[in-house]
Amino acid sequence: MRWEDRLDTVRDDRRRPRIATSVITRAVAIMFLERLGSLNALKQTKPSRFWPRWLGRAMPSADSIGRIYSLMDAGDVRDVLHHVYVRLKRMKALTPPEHGLMPAVVDGHESTASRKRCCAGCCQRVLHTTRGDVLEYYHRHVALRLVGQELSLMLNAEPVRPGEDELAAARRLMQRALEMYPRAFDVVAGDALYANTNWFNFLLERGKHAMAVLKDNRPNLIEDARSLFDFQPPGVDVDRGNRRCRFWDCDTFTSWPEVSARVRVVRSLETWTVRRQLDRQEEELSSNWMWVTTLSVRQAATRAVVNMGHERWSIENQGFNELVNRWHADHVFRHHPAAILTFVLPAMLCLNVFMAFYCRNLKPEARRAVTTLHVGKLIAAELYAEIRGPPCVSA
Ligand SMILES: [Zn+2]
């Protein structure tokens, strides 16, 4: 079954629907693939002759699409994401990076914030401003991304519910991911928030390794690591291009005993030189990272841990940033607790499908010649090219 046919399996809670759910899911999939940015922009393409072919009827109103998405079954949309993963896995498109372990990355993302508009699913916080305290409403979700060698996929998202923290949502996300994708990944990487005892033990109990950025939220461990590494020569000292990389690695720490496995700390100090544009002077820059992981030295070499640490940025750079800046996924298509999520999931789905197309269907020469943005515009051009006559003014 093709991925677009799986869109027809998504259901919603309407008792006597006048518009088939598949019409709505297909319209929204095109809205994301064409990066239209809003239901209003989608509505303006209504005269395109593409729509009757794709939907089997005229495009419904923006209001109907938003209303039906607030009644949609998020589980069915997650199943479509899973279907795409299974297809790509069978096609051998999902191979692990060179180190051989398949990492998944978990991270939280705030999609919208407002001081005026709220819904039953909004989280709340008090902002201390010069004019006094202000209540702000926001939506945040936790996402999981699989980081393959050539192709990476957004696997799932889970909203942070009012009153709970990101780790609680991440745990719910991971429980579902372990049921749907039990063998998809070996290690789960996260930022410093995920250097958390319950999180590490939760993953270990389920046969997965944990990895997180080590910062001051584990004061005993980071202090021990700093003390050791500051007086120890690096285990690896190599040049990569214009970067000098020095790595330290130790797995004999006893300063996080609550974790049910031995933890290991890896430090990466990278220095490089840039020439400042303003005065053409050379300036030395550096980045200093530490990660804590349950992966043993036998399971992952120092460089593998460092690479996985850097791969954590994949969810930020190619996941959230791509979805927000180029796919407009943070737009509030309908401010409703369910719709916030049911619009995020198809955005992820379309990003996966698009990247699979870009990586698998385009020859390397074509990929070198054009950017993903250019290919996205070519796809949108097909929709606009089929618009005939004056601009549409109907709903
Ligand atoms: Zn809300």
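Visitor: In which helix is His83 found?
Guide: This is a predicted model, in which local features need pLDDT of at least 70, side-chain atom pairs count only at pLDDT 80 or more, and totals for chains, interfaces and linings use all residues. Residues are numbered from 1 along each chain as its sequence is written. With helices taken as DSSP runs of H or I of at least four residues, and strands as runs of E of at least two, both numbered from the N terminus, His83 is found in helix H6.

Visitor: What does His83 count as, with 18 C-beta neighbours inside 10 Å?
Guide: A residue is buried if 20 or more other C-beta atoms lie within 10 Å of its own, exposed if 12 or fewer, and partly exposed in between, with C-beta atoms placed from the backbone. His83 has 18 such neighbours and therefore counts as partly exposed.

Visitor: Which residues does His83 touch, leaving aside residues up to four places away in sequence?
Guide: Two residues are in contact if their C-beta atoms, placed from the backbone, lie within 7 Å. The C-alpha atom of Arg115, 32 residues away along the chain, is separated from that of His83 by 38 Å. Not counting residues up to four places away in sequence, the contacts of His83 are Trp3 and Arg6.

Visitor: Which residues does Glu110 touch, not counting residues up to four places away in sequence?
Guide: Glu110 has its place in strand S1, and with 13 C-beta neighbours inside 10 Å it counts as partly exposed. Arg176 is 66 residues away from Glu110 in sequence and 21 Å away in space, C-alpha to C-alpha. Beyond four places in sequence, Glu110 touches Tyr138 and Arg140.

Visitor: How is helix H2 oriented relative to helix H5?
Guide: Axes are lines fitted to C-alpha atoms, for helices over the stretch in contact, and angles run from 0 to 180 degrees between N-to-C directions. H2 (residues 21–33) and H5 (residues 62–69) pack at an angle of about 105 degrees, with their axes 10 Å apart. Since angles under 35 degrees count as roughly parallel, over 145 as roughly antiparallel, 65 to 115 as roughly perpendicular and the rest as oblique, H2 is, relative to H5, roughly perpendicular.

Visitor: Which residues of H5 make the contact with H2?
Guide: From H2, the contact is made by Thr21, Ile24, Ala27 and Val28. On the side of H5, the contributing residues are Ile65, Ile68 and Tyr69.

Visitor: Which residues of helix H8 are exposed on the side away from its buried residues?
Guide: In H8 (residues 197–205), Trp199, Phe200 and Leu203 are buried. They lie on the same side of H8 because they cover an arc of only 100 degrees around the axis, the arc being that of the directions from the helix axis to the C-beta atoms. What covers these buried residues includes helix H7, strand S5 and strand S6. Exposed on the other side of H8 are Asn198 and Glu205.

Visitor: Near what value is the phi of Arg35?
Guide: Arg35 is found in the loop between H2 and helix H3, and is partly exposed, with 19 other C-beta atoms within 10 Å. Its phi is positive in a residue other than glycine, with a value near 55 degrees.

Visitor: Near what value is the phi of Lys92?
Guide: Lys92 is found in the loop between helix H6 and strand S1, and is exposed, with 7 other C-beta atoms within 10 Å. Here too the residue is other than glycine and phi is positive, near 60 degrees.
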